[in-house]
Amino acid sequence: MENINFGIDLGTTNSGIGKFQAGKVNIYKNPVGFRDTLPSVIAYRNARILVGDKARELTSVQPENVFSSFKRKMGSEHTFHVPATQENKTAIDFSALVLKELINFVGDEKPSAAVITIPASFDTIQSNATKSAGYNAGLQEVLLLQEPIAACLAYANTQNISIDESKNWLVYDFGGGTFDVALVSINNRELKVIDHEGNNFLGGLDIDNLILEHLFCPVLEKELGTENLWKQMVSAEKGIYSKLFFELLYRAEEAKKELSIKESVFVELELDLASKFIEFEITRQQFNELIHPKVDETVKLTKRLLEKNNISNQQVERIILVGGTTYIPYVKEYLHQEFESTVDSSIDPTTAIIVGASYYAGTKNKQNLSTQVAEIKEDLPAKLQDVKLVYEVNSQDNEELLTGFVPNEFSGYYRVTRTDGGFDTGLISFHSKFNEFLKLVPKTSNFFNVKIFDKHQILVFEKENLSINHGIYNISGQPLPNDICLEVDDTLGTTYLERVFRKNDILPLSKKLYKTISKTILKNSGEKLIINIVEGKAETSPASNLCIGYLEINSEDLSANLLKGTDIEIDFDISESRDLTVNIYIGAINLEISQVFNASAKQVSITKLRLELEKSLTNIDYEIEEFSNNHQEDIADRLNDVRIEIIELLKALIDIEDDLVTDKIYNIDERKRKAFQVYDDLVRRKNVIAEIEEYQAYKMEIKEDLLLKPNPKIEHVFNNIIKNEAQFLNSNQTSIIKSKTKELQKISQEIYYQHDEAYVNLFYQYAYKDISEYSNESIAKKHILNGERAVKEVKYAELKAIISALYHLLKVKPRDYFEDKNGTLGLK
Amino acid sequence: MKDIITQIFEIENKIKPEDFAPFKRNFQRIYHELEEEGYIIVNPKDQPYDERDASIEANILNENGSNLRISKVLKPTIYKNEGGNRVLIQKAVVIVE
């Protein structure tokens, strides 16, 4: 038979829901705001019903329409008048709303039965009222559990404490607004609340107020030159200090939290009235003295409880802590000092009751539900058909209108939430049609869930992930015909294109890129930093694209040396008429350059052209040879044509060296691009595939090595490298894939050198070097002899030291294969 | 991370508008890097108060409740992109009047 599994803490100030699953309790977070708990507050505003945080925040604006602490009226005749709707509601009605909201936290598998906790003080009528609230919220079965028992179960289950022996526990529950203490007897797995005490108006909020009144106000009075600041802030008449009150209350709460971890805190306050910041220290000692009377009050109530029941301190085996206020270390210390029992704070006191209720629910079978379900099924409202939702998919506005149409004179409620938890309309009643302006997070996609409920607030329609994009698409502008890219250095001495704007992005466009300098450019060294912006395809070679912005920063123009690794900030703006503006800022040498490139004036640099052509010759020779070896003569022949064209272009470049008048250079540039495009078509794809294969081979090798000899550190680095694999393997950029392969090779080497035997190999690499390569031949020979002995005697530590000594003796040190190469452009 | 972001936000707000120019690029860069890490930070200052906005925790001063605006932001709203989903990780703490 199925278990109930769901546990609910229906609290006076906060509520929560959990589920027992596979031996553990999972606490559901509020999908709006993602907190573990929900304030038990209901508000009515602008025809909406709000539950939780947003309801509580309206307390000061329209207190007559906000309802909290209604649990205290549970089971009484008391009715609450709601001016906004002109209705009368009971504590059961409000509790049902809270419960429905909690049930909403649970994803698809909504609970049909649950354990709900009640205070130890609840009588039969109050208990039955709680059950009614559960049924009204749509639960078919409700089991009640006293809160102190739930807390004991939470502690016992999480810590596997035996509850077979007979003992007494105190459940000390100090929450945000109330204090309760209960004496629980445990005997042979039976838990029973013997007696309880409490104060309905003592909680964490009182402590925040104390901090504000006694620790903040005296300092502020001096600064502001005023007296009776506390009274002025809290007086019914709103004065200049009312605003300060909320800010101070927030700071007080923060200070309280921090003091639970640290011995002292600095509180910093912005005084708008005096336009300055003030800072002062509060020590835990001061804080403890301040809160002592409040904590002492709880201790007195606890002592009274024990006395009433003739229980001595020694008979209390354990005090378990519940409620957020018990986070304060002094509470724990003082309890320990006064009762000399174990004070157990091993689990989260704010969710302990939910955890306990869920453990209990995990042991209880659902009863006779099958027949009830059958009956209820007949009554279930039919899901709504033909609901029409009308909205714009793309928007430039901060809010976008959603209109919903439901046919057949439907009356009920709707609710729209944003899936990121930042927007919630609350429940709103409507007839046939509703309009709601949905708030959008700027420059991103926004997803909403739309729910429609019938008159009894039963879900009858749901549309998930309705998507509205904000500011991603500008509807009116022209699209870019090609990618706009920046040429950047890789770590292998070659360059590739980084896409700045994508083909079909809509003009105007702007973007900021942060790059680093890839080679040191000393002042007046003749070196230069090259910014080359091209239009074309990001996945092709830089030289096959059209240059639309070209800028050289010469070493002569630098105010100081530009060092490798310096940050450079580049802003790109493209106007609707396709003018490109580039702003360059190098903070380290305080260099700022702004340049506008007009689309009609082409940018061609002879130096760069020559460099590109020369560099390609070496590559093309290699490729021709390879294709010939693989008997692909047709491709080799076509590449040879490209080679001839490149040589001709180089010759042509020499001819026009001093030609500043004609447009021959543009002709050469055009021919160069065509030649590179042919080269790209013939070769690039093959190289990308080869590169991917090499990457995959290294990846598999490392995976196998890690499987045989797990190493968390290396595994972490490995996972980081392969994290965005799909992205870089599909980039079509050999440079990018190659640099990832290089990182994998580095790991592979690291794994190799984890085995001591690897050093034997390395030693012989040094031993077989020509002895003249060492600066001191006799010492080197001695090291080599010692090394050979160390190998024989398997003394690897000694061998490592010898290798290191030999390395230092080398006249020319071997190059580190993994070291990044200097860039050619100077930008990476 | 959200505590670090809140500290950055506090530092930014402590600088007077007339002294802000030299720091502007630094803050832009910090926010850019945070965005790259998936954090979206929203400062709701001067927005009209909206009871549907669950990304803020408001302390409302003006008791007659008309023309409410966010006059001060003590903590910004922070969202985090995780596996393609955006999730609210910190509500803004604001004063509304």
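**Close-up views of a predicted two-chain model**

In β14(A), A:E197 is the bridge partner of A:V181. This is a predicted model, in which local features need pLDDT of at least 70, side-chain atom pairs count only at pLDDT 80 or more, and totals for chains, interfaces and linings use all residues. Residues are numbered from 1 along each chain as its sequence is written, while chains are lettered from A and ligands numbered from 1 in the order in which they are written.

**View 1. An open, mixed sheet of chain A.** Five strands line up here in the order β14-β13-β12-β17-β18 (chain A), with mixed pairing. Strands are DSSP runs of E of at least two residues, helices are runs of H or I of at least four, and both are numbered from the N terminus; two strands pair if DSSP finds at least two bridges between them. At the edges sit β14 (190-199) and β18 (342-344) of chain A, each pairing on one side only. On average, neighbouring strands of the sheet are turned by 20 degrees against each other, direction ignored. Look for nine bridges between β13 (residues 179-187) of chain A and β14(A), which pair in the antiparallel sense. Packed on the sheet is helix α8 (residues 284-308) of chain A, which touches β12 (167-174), β13 and β14 of chain A and makes about 135 degrees with the direction of β14(A). Angles run from 0 to 180 degrees between N-to-C directions, and axes are lines fitted to C-alpha atoms, for helices over the stretch in contact.

**View 2. Two helices of chain A crossing.** The axes of α8(A) and helix α9 (residues 329-339) of chain A come within 10 Å and cross at roughly 50 degrees. That makes α8(A) oblique to α9(A); angles under 35 degrees count as roughly parallel, over 145 as roughly antiparallel, 65 to 115 as roughly perpendicular and the rest as oblique. The crossing of α8(A) and α9(A) is right-handed, meaning that the near helix is turned clockwise from the far one by less than a right angle. From α8(A), A:N288, A:I291, A:V295 and A:V299 meet A:Y330, A:V331, A:Y334 and A:E338 of α9(A). Contact is counted when C-beta atoms, placed from the backbone, lie within 7 Å.

**View 3. A loop residue, A:Q457.** You will find A:Q457 in the loop between β25 (445-453) and β26 (459-470) of chain A. Beyond neighbours within four places in sequence, A:Q457 is in contact with A:K100, A:Y413 and A:L427. The C-alpha atoms of A:Q457 and A:L427 are separated by 8.9 Å, with the two residues 30 apart along the chain.

**View 4. Where chain B meets chain A.** The contact takes 29 residues from chain B and 32 residues from chain A. Elements of chain B giving two or more residues to its side are α2 (24-36), β2 (56-60), β3 (70-75), β4 (77-82), β5 (85-90) and β6 (92-96). The largest share of that side, four residues, comes from β2(B). By class, the side of chain B that touches chain A has eleven nonpolar, five polar and 13 charged residues; nonpolar covers Ala, Val, Leu, Ile, Met, Phe, Trp, Tyr, Cys and Pro, charged covers Asp, Glu, Lys and Arg, and the others, Gly among them, are polar.

Methods: Contact = placed C-beta atoms within 7 Å.
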